[in-house]
Amino acid sequence: MTEESDLYFAQHPVGQMANLAYLIGSRSKRQALVVDPAWNVRGLLDQAARDGIEIVGALVTHYHQDHVGGEIFGHSIEGLDALLELQPVPIHANKHEVEGLIKVTGISPGDVVPHESGDRLEIGGVAVRFIHTPGHTPGSQCFLVEEAGRAGHLVAGDTLFLNGCGRVDLPGSDPRAMYESLEKLKRLPDDTILYPGHLYSPEGSDSLGDQKRTNPYLRAASVDVFLSFMGH
Ligand SMILES: [Fe+2]
């Protein structure tokens, strides 16, 4: 008989831009990290509380307002500032994203833990590996959720969507870096489950193996094909 999984994992649709926030943690430790808390921070904390889970940190995929809060098009989105008021926890961001993150959200440098690619956080039997995937923004990162003997969960922010990838025509974007980041993600095992930062497709997740076969952005045969695909 296989041992029961210790993973606590919830996908949470939030806001008016089809964002997906996540809770990742350990059932036995009753603790979790919240990924991209924005739009409805109270709702995310309430879900964890209902499940008897304490939020012990926040993970940032990238610094765009729809993922971390801030002003956009004259509209204010709640995010990390609301989280720090309700539940002061460390904010984990890639080191290349810290400056933009502080500018966009107004949180203070002392609230942010800068990370290198390859860093890991562990909660109970669950490990979260940070993978730097620049392209959409300089410090975009994905989170690989690992548990011994089980398929990984890849929380990919705006780097990789189901049958799509993030925009590379924004300030700080880099199409060549995006190609390399997607190549990096393609090296993960086929049974890894992809969880994107937006619900742009009917399904909320898919196996990376299926995406390698069907996602045109993962199928580009070379960097030049990819760049022409992206209009460069
Ligand atoms: Fe974004």
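**Figure 1. V155 and its contacts in the predicted model.** V155 touches Y22, V35, C142, F143, V145 and Y195, leaving aside residues up to four places away in sequence. The model shown here and in the other views is predicted. V155 belongs to the largest nonpolar core, which has 57 residues. Together with A32, V34 and V35, V155 is among those with the most contacts inside this core. Strand β2 gives the most to the core, with five residues. In soluble globular proteins, nonpolar side chains tend to be buried together.

**Figure 2. The whole protein chain.** The protein chain contains eight helices and 16 strands. Its C-alpha trace spans about 55 × 50 × 30 Å along the principal axes. A compact globule of 232 residues would have a radius of gyration near 17 Å, and the protein chain agrees, because its own value is 17 Å. Buried residues make up 41% of the 232 residues. Now take the contacts with a separation of 6 or more. Of these, 58% are between residues 24 or more positions apart.

**Figure 3. The open sheet of six strands.** In what order do the six strands of the open sheet lie? The order is β1-β2-β3-β4-β7-β8, and the pairing is mixed. Strands β1 and β8 are the edges, and each pairs on one side only. From one strand to the next, the twist averages 25°.

**Figure 4. Two pairings within the sheet.** Strand β1 covers residues 7–14, and strand β2 covers residues 19–26. β1 and β2 pair in the antiparallel sense over eight bridges. A10 has L23 in β2 as its bridge partner. The hairpin of β1 and β2 has four residues between the strands. In this hairpin, G15 takes a positive phi near 75°. Strand β3 (residues 31–35) and strand β4 (residues 54–59) run parallel, joined by five bridges. V35 has L59 in β4 as its bridge partner.

**Figure 5. Helices on the sheet.** Helix α1 (residues 41–50) lies across β1, β2, β3 and β4. The helix α1 runs at about 30° to β2. Helix α4 also packs on the sheet, where α4 touches β7 and β8. The direction of α4 makes about 150° with that of β8.

**Figure 6. The buried side of helix α4.** Which residues of helix α4 (residues 98–105) are buried? They are L101, V104 and T105. What covers them includes α2 (65–68), β5 (70–72), α3 (80–86), β7 (91–94) and β8 (112–115). After α4 comes G106, which has a positive phi near 75°.

**Figure 7. Strand β10 and its two partners.** Strand β10 (residues 126–132) is mostly covered, with five of its seven residues buried. Strand β9 (residues 120–123) pairs with β10 in the antiparallel sense over four bridges. R120 stands opposite R129 in β10. β9 and β10 form a hairpin with two residues between them. G124 lies in the turn and has a positive phi of about 55°. β10 is also joined to strand β11 (residues 141–146). β10 and β11 run antiparallel, with six bridges between them. V128 has V145 in β11 as its bridge partner. V145 is also one of the residues that V155 touches.

Figure 8. S26 lies in strand β2. Is S26 buried, exposed or partly exposed? A residue is buried if 20 or more other C-beta atoms lie within 10 Å of its own, and exposed if 12 or fewer do. S26 has 19 such atoms within 10 Å, so S26 is partly exposed. S26 touches D6, Y8, Q31, I123, G124, G125 and V126, leaving aside residues up to four places away in sequence. Among them, G124 lies in the turn of the hairpin of β9 and β10. S26 and S5 are 21 residues apart in sequence. In space, S26 and S5 are 9.0 Å apart, C-alpha to C-alpha.

Notes. Residues numbered from 1 in each chain as written. Predicted model: local features only at pLDDT ≥ 70, side-chain atom pairs only at ≥ 80, totals over all residues. Contact = placed C-beta atoms within 7 Å. Pairing = 2+ DSSP bridges. Axes fitted to C-alpha atoms, helices over the stretch in contact; angles between N-to-C directions. Core = buried A, V, L, I, M, F, W, Y, C linked by C-beta atoms within 7 Å. Rg over C-alpha atoms; globule rule 2.2 N^0.38 Å.
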